Amino acid sequence: MSTREADAAALISDFHAMSTFGVTPGGGVDRQAATEADGETRSWFMGWLQGQGFRVEVDAIGNIFGFLDLVPGAAYVLFGSHLDSQPLAGRYDGAYGVLAAAHAASRARRDLDAAGIRPKYNIAVVDWFNEEGSRFKPSMMGSAVFTGRLDLEVALGTTDPAGITVRDALDAISGRGSFTDLDVAAYGEIHVEQGRGLEDAGIPIGVVASTWCAYKYEIVVHGEQSHTGSTMMKDRRDALLAASKMVVALFDLTSEFEEEVLHTSVGQLFVLPNSPVTVAREVRFLADLRARESGILIEAFAKLTEKIAVIEQQTGTRIEIASSSIWESGPFLESGLALIESASAELGYPSLRVLTVAGHDATNLKEGVPTVLVFVPSVEGISHNEREFTHDADLIAGAEVFTTVVTRMAQGALDA
Ligand SMILES: [Zn+2]
């Protein structure tokens, strides 16, 4: 077996081993942040890192780091993604990226050593805590705290729907550490596309050139609790009715723009008191709006504000926008795109420049350091679903390209 074949076999074997944690009947995984299944995956990953000679550290928000200290005193080039998942999700989203980064880092160390090259930077890999944001909002929490975008204490105090804090949930899986002060020179991430662009084009490597913007609004509808039988229809102030109209209004908003220019959704409602014989007094939900340009989202929000006023009038409720999280769109570095393209070409893989509609930890990191994001294809673009699938050949190709990316970034390829 050649080294290349052995590397590929090891990656696929480790991916299968990792995919047993939180496995679901439909062949996916359910590993929401800081659950037992997330804890098991994290433990497995830390064991893997230690077995490969990485120094392992955990920070105060539960991000796991593995370090290859090659150059005493130098900064680190950092590579990773997330091990947590949505409920009833696929095996690939995030987890593939963490494993591919770890394999790539390990191979890069070996290849640099064999070539007698002393790199400019040390190499580190990371599992960012709570990228998904399904149990604890907001999403991309670990990388947001790491980059200073989100306050640590605010994040630790965030509760899930059962009232459990991030702090307590992390402590239950021994998931909090005290590591601080990592000097990051550059960041790289590899992820499944979660769209169908690469598959439709028949191209194995996606070079992410830009992110979409995402505006998310935490909305609270205030109504009044009353009897579902005896309350006159005209007297009702039904928060669930108003929330339902909001769900429809958000969907209809997309048809006021060119096709597929605006994506909107409401994926979850919290209803109080959530009784079948009581008119709801309060409903909370997250309105998720995404587009290529912020101008579209600003226009969409203005239209939504008009719709809110109408719905308030129709239902006798008050609709409050309690908070918002804004991720602006932005291009990735041209030198990073060129690096991925040359790595792909040298290995014989065609590549294609694509956009990312989904948010990734790389979105947080790219604000501060030179950052690259590589995609591999998702069959039929299916994601956040147990049927999410990527062919082994694409997983292998992605890890090979990423190994070259890691090796070159460790040698300062993205330095200004
Ligand atoms: Zn992901």
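Two housekeeping notes. This is a predicted model, where local features need pLDDT of at least 70 and side-chain atom pairs count only at pLDDT 80 or more, while totals for chains, interfaces and linings use all residues. Residues are numbered from 1 along each chain as its sequence is written.

Okay, overall layout. The chain splits into domain 1 (3-211 + 329-410) and domain 2 (213-327), with bounds that come from an automatic or database domain assignment. Their C-alpha centres are 34 Å apart. Across the boundary, eight residues of domain 1 are in contact with 11 residues of domain 2, and contact here means C-beta atoms, placed from the backbone, within 7 Å. On the domain 1 side, the touching residues are four nonpolar, three polar and one charged.

In secondary structure we have 12 helices and 16 strands. Those are DSSP runs, numbered from the N terminus: H or I with at least four residues for helices, E with at least two for strands. And among contacts with a separation of 6 or more, 77% link residues 24 or more positions apart.

Now the packing. The largest nonpolar core has 88 residues, and the ones touching the most other members are A101, A105, I123, V374, F402, V405 and V406. A core is a set of buried Ala, Val, Leu, Ile, Met, Phe, Trp, Tyr and Cys residues joined through C-beta atoms within 7 Å. Take V405: leaving out residues up to four places away in sequence, V405 touches G188, L339, I340, A343, V372 and V374. There's also a second, separate core of 30 residues, including A214, L250, V279 and I311.

Six of its six residues are buried, so β4 is largely enclosed by the rest of the structure. N122, A124 and V126 point one way, I123, V125 and D127 the other. Who sits alongside? Strand β2 (residues 64-68) runs antiparallel to β4, with five bridges, and L68 has I123 as its bridge partner. Strand β3 (residues 76-81) runs parallel to β4, with six bridges; there F79 partners V125. Pairing needs at least two DSSP bridges between the strands.

The K137 to P138 peptide bond is cis, omega near 5°, and P138 is in the loop between β4 (122-127) and α4 (141-146). L272 to P273 is cis as well, omega near 0°, with P273 in the loop between β10 (270-272) and β11 (278-279).

E380 is near 60°, in the loop between β16 (371-376) and α12 (392-410). H384, at about 55°, is in the loop between β16 and α12 too. E380 has 14 other C-beta atoms within 10 Å, so E380 is partly exposed; H384 has 18 such neighbours, so H384 is partly exposed as well.

That's my tour, over to you.

Technical notes:
Contact = placed C-beta atoms within 7 Å. Nonpolar A, V, L, I, M, F, W, Y, C, P; charged D, E, K, R; others polar. Buried ≥ 20, exposed ≤ 12 C-beta atoms within 10 Å, placed from the backbone.
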